[in-house]
Amino acid sequence: MNGVLVIVLCVLVAAALIFLVWACSRIGSGVWIKVQCRDLRPGKVTLTFDDGPDPEVTPKVLDVLDSYGVKAYFFVTGSKAEKHPELIRLIVSRGHTVGNHTYTHSPLFPVSGKTFIEDDIRACDSVIDLAVQEAAPTSDSREPGLSASAVAAPEPRLFRPPFGVTNPDIAKILKHTGHKVIGWDVRSFDTVHLKDSLAPSELDAAIGKCLGNILRKTRPGSVILLHDRLAGAPALLTRLIPALRRAGLEL
Ligand SMILES: [Zn+2]
């Protein structure tokens, strides 16, 4: 009898652990905090880029988006944005939306203490604010092409947790800071397939794998996860946008 009880307890503990891992690692689980993973623009497919801005790649991504007349969301890290505030201004001036992806993007972010988590989130906000404020129109100076409405930060502020991981501490802090949490429902797996170490001859096949991942799962209202720190991102985007449109999806 004791043996049966031990087995039942072990099964319950294992089930609880599996549930906890799923709840923390699955961006759309909604267990700790409400995360918007679809319908940023109702009925349309939304492109989101994480881990930038990158001085080489982000401007090229913006050029591709411009050439197709597509607006996107960029979840930037504060440490990179601090080095390249001009890229934050460039993203905003082209009509895209900037969101917070923490300052450090530390792999330890989800398991760090509450103070670190909150400081990491707020530091990224400060960098974005500073970059945008530096471009705020004054009586005698304004960055070309940046209108007063374009420099306004989105309200509420948008946040995407690194690695899509949430937990009770992160949820509590985000409720306090007032960020709206944005997830995704379609992963391109670009970080797996579009390694910067790829030979040029391998790029085409790698892009094909990402396209396959995306097109299999995308439907109206989908939010697609991409990364503008990868050198192959502009080439992927150049094939992705026409492919989505051919599939009858609106961007
Ligand atoms: Zn990231």
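Guide: Axes are lines fitted to C-alpha atoms, for helices over the stretch in contact, and angles run from 0 to 180 degrees between N-to-C directions. This is a predicted model: local features need pLDDT of at least 70, side-chain atom pairs 80 or more, while totals for chains, interfaces and linings use all residues. Numbering starts from 1 along each chain as its sequence is written.

Visitor: How are H5 and H6 oriented to each other?

Guide: Helices are DSSP runs (H or I, at least four residues), numbered from the N terminus. H5 spans residues 114–134 and H6 residues 168–177. Their axes lie 10 Å apart, at an angle of about 45°. Angles under 35 degrees count as roughly parallel, over 145 as roughly antiparallel, 65 to 115 as roughly perpendicular and the rest as oblique, so H5 and H6 are oblique.

Visitor: How many charged residues are in the contact of H5 with H6?

Guide: Contact means C-beta atoms, placed from the backbone, within 7 Å. H5 brings Lys-114, Ile-117, Glu-118, Ile-121 and Arg-122; H6 brings Asp-169, Ile-170, Ile-173 and Thr-177. By class (Ala, Val, Leu, Ile, Met, Phe, Trp, Tyr, Cys and Pro nonpolar; Asp, Glu, Lys and Arg charged; the others, Gly among them, polar), the contact has 4 nonpolar residues, 1 polar and, for charged, 4.

Visitor: How many nonpolar residues are in the contact of H8 with H9?

Guide: H8 and H9 pack at about 40°, axes 10 Å apart. Leu-203, Ile-207, Cys-210, Leu-211, Ile-214 and Leu-215 of H8 meet Ala-235, Leu-236, Arg-239, Leu-240 and Ala-243 of H9. The contact has no polar residues, 1 charged and, for nonpolar, 10.

Visitor: Which residue just after H9 takes a positive phi?

Guide: H9 covers residues 233–246. Just after H9, a phi of about 85° belongs to Gly-248.

Notes:
Helices (H or I, at least four residues) and strands (E, at least two) are DSSP runs, numbered from the N terminus. The expected span of a helix is 1.5 Å times one less than its number of residues. Two residues are in contact if their C-beta atoms, placed from the backbone, lie within 7 Å.
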